[in-house]
Amino acid sequence: MDTLIDRFLLHLQVERRLSPHTLEAYSRDLRACHESLRRQRVATVTNLGPHHIRQFLADCFDRGLNARSIARTLTAIRSWCKFLVKERQLEKNPTELIEPPKMLQRLPRTISIAQVDQLLAAPPTEAKAAALRDYAVLQLLYATGMRISEVCGLMLPQLNLDGGYLRAFGKGSKERVVPMGSVALRALQQYLTTARPMLLHGRESDVVFLSQRGRRLARQDGWRVIKRALRRAGLQVNVTPHTLRHSFATHLVERGADLRSVQTMLGHADIATTQIYTHVSRTHLEELIRKFHPRG
């Protein structure tokens, strides 16, 4: 089974071009499933049945995994079994009739426009090059709704400063064009002309955002950028890079942006994923009614 899992992960990496983070999650879920199957004395995949999968998912529930995590695990196993059927290692997918656990839809965590203004307007106190880089990263996260991995992975050929847009590569290396907005564009231009040459230390690189050592900015560095900005702004709220992505989408929808455009800018494959922001907008409207209507 280890070999079949490895072949599947290679298929995901080479043919479906999934991100390293998604591959790691698939690998973790499938290795855990394999360990469960071993305890259930399932020696080969030909002996794999729906009851074995259900037992593993029940074990996940007993360990305290929530419905979302169990559904993600089932997705990984279902994809693996589908691959095994295609490779003629299985006659039938044993997960076909297994339903994922029902999940309560959680509204994404966002911050208000006033809090965004406070976060982005806070004067930087770090060394000049790092401060300009951090400011450009923050502006770009909120102005484009990009994931932190997409921002950290930006390369110079992806930028079109004259046109005011960039090409982002999301999950599965899917390409999308995202406008930057004038404020983020100015912050990026200032970083590129003033700070980036200092961070390069005389070397050549196409990477846009660089660390103090001249290397690609890591995702963890992106989180630290936000934590530093929160301290400077004195904001006592929990903000992550994804909070800014959610806030970007929510603020657009609240101001009348059509859902298809927001879907395109976020890089969602299915508009159903983007529709969560209509619920957020509806919550916003209800708050307005309660606050301003004479009988709210």
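User: What covers the buried residues of α9?
Analyst: The cover includes α5 (113–121), α6 (128–144), α7 (148–152) and α10 (241–254). Contact here means heavy atoms within 4.5 Å, and helices are DSSP runs (H or I, at least four residues), strands likewise (E, at least two), numbered from the N terminus. Keep in mind that this is a predicted model: local features need pLDDT of at least 70, side-chain atom pairs count only at pLDDT 80 or more, and totals for chains, interfaces and linings use all residues. Residues are numbered from 1 along each chain as its sequence is written, and side-chain values use heavy atoms, with hydrogens and water left out.

User: OK. Which residues of α9 are the buried ones?
Analyst: Gly222, Val225, Ile226, Ala229, Leu230 and Ala233. They sit on the same side of α9, because they cover an arc of only 130° around the axis. The arc is taken from the directions from the helix axis to the C-beta atoms. Buried means under 20% relative accessible area, exposed over 50%, and partly exposed in between (1.4 Å probe, protein chains only).

User: How far apart are the end C-alpha atoms of α9?
Analyst: They are 22 Å apart, which agrees with the 21 Å that the 15 residues (219–233) should span at 1.5 Å a residue. The expected span is 1.5 Å times one less than the number of residues. Just after α9, Gly234 takes a positive phi of about 70°.

User: Now α5. Which residues are buried there?
Analyst: Val116, Leu119 and Leu120. Their arc around the axis is only 90°, which puts them on the same side of α5. They pack against α6, α9 and α10.

User: Switching to strands. What's the order in the sheet?
Analyst: It's an open sheet of three strands, β1-β2-β3, with antiparallel pairing. The edges are β1 (159–160) and β3 (175–179), each pairing on one side only. Two strands pair if DSSP finds at least two bridges between them.

User: How many bridges join β2 to β3?
Analyst: Five, with β2 covering residues 165–169. For example, Leu166 has Val178 in β3 as its bridge partner.

User: Last topic. How many salt bridges does the structure hold?
Analyst: 13, where a salt bridge is a side-chain nitrogen of Lys or Arg within 4 Å of a carboxyl oxygen of Asp or Glu. One of them pairs Asp29 with Arg72, the closest N and O atoms being 3.0 Å apart. Asp29 is in α2 (residues 20–39) and Arg72 in α4, so the pair ties together parts that are 43 residues apart in sequence. Asp29 is buried at 6% relative accessible area, while Arg72 is partly exposed at 38%.

User: What's Asp134 paired with?
Analyst: Arg133, with closest N and O atoms 2.9 Å apart. Both Asp134 and Arg133 are buried.

User: And which side chains meet in a salt bridge at 2.6 Å?
Analyst: Asp221 and Arg224, N to O. Both lie in α9, three residues apart, about one turn of the helix. There's also a network in which salt bridges that share partners join Asp2, Asp6 and Arg31.
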